[in-house]
Amino acid sequence: MYDPSREYTTSVLVLGVTGAIGRAVARDLIVNGYRVYGLVRNIEDRSRLPYGVVGVVGDLRAPERWEVAVERTQIVVNCAFPQDLAGGAKTYDDAERDAQELARILDRICDLIRRKKRRLVHTFG
């Protein structure tokens, strides 16, 4: 499908777009004239997207499934943090295991961004 706005508008993919920080980032980008795509876990989460955000269904742990969205954008903003890695008090071993899992997730995302020669902005709350 032909999209005339692709020719003159910078496109951004926001990971974690339904979270507090991702939602604020997406709204600010839209207000400032960017075309914004947002990664959501499932189709039902599309209803939680800020106005003007184009939903992309995918899993943070499987960036190869949303690779097309990266190809359509110039910038990727990561505001995402896997829910299963967050939580209260943990033992040292559990925290270490979660840290290693997070590093693996971020490595896969960074590899994709690097291969597609895009810019990455990474932030957590």
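Helix α1 (20-31) and strand β2 (35-40) each supply at least two residues of the lining of the largest pocket, with helices (H or I, at least four residues) and strands (E, at least two) taken as DSSP runs numbered from the N terminus. The model is predicted, so that local features need pLDDT of at least 70 and side-chain atom pairs count only at pLDDT 80 or more, whereas totals for chains, interfaces and linings use all residues. Residues are numbered from 1 along each chain as its sequence is written, and side-chain values use heavy atoms, with hydrogens and water left out.

The lining of the largest pocket comprises 22 residues, of which G16, R41, A80, F81 and Q83 lie nearest its centre, and α1 gives the most to this lining, with 3 residues. A pocket is here an open set of points on a 1 Å grid over the protein atoms alone, where a 1.4 Å probe fits, with protein on both sides within 12 Å along at least five of seven lines; lining residues have an atom within 4 Å of a point.

Not counting residues up to four places away in sequence, N78 touches L15, L106, L120, V121, H122 and T123, where contact means heavy atoms within 4.5 Å. The C-alpha atoms of Y8 and R35, which are 27 residues apart along the chain, are separated by 10.0 Å.
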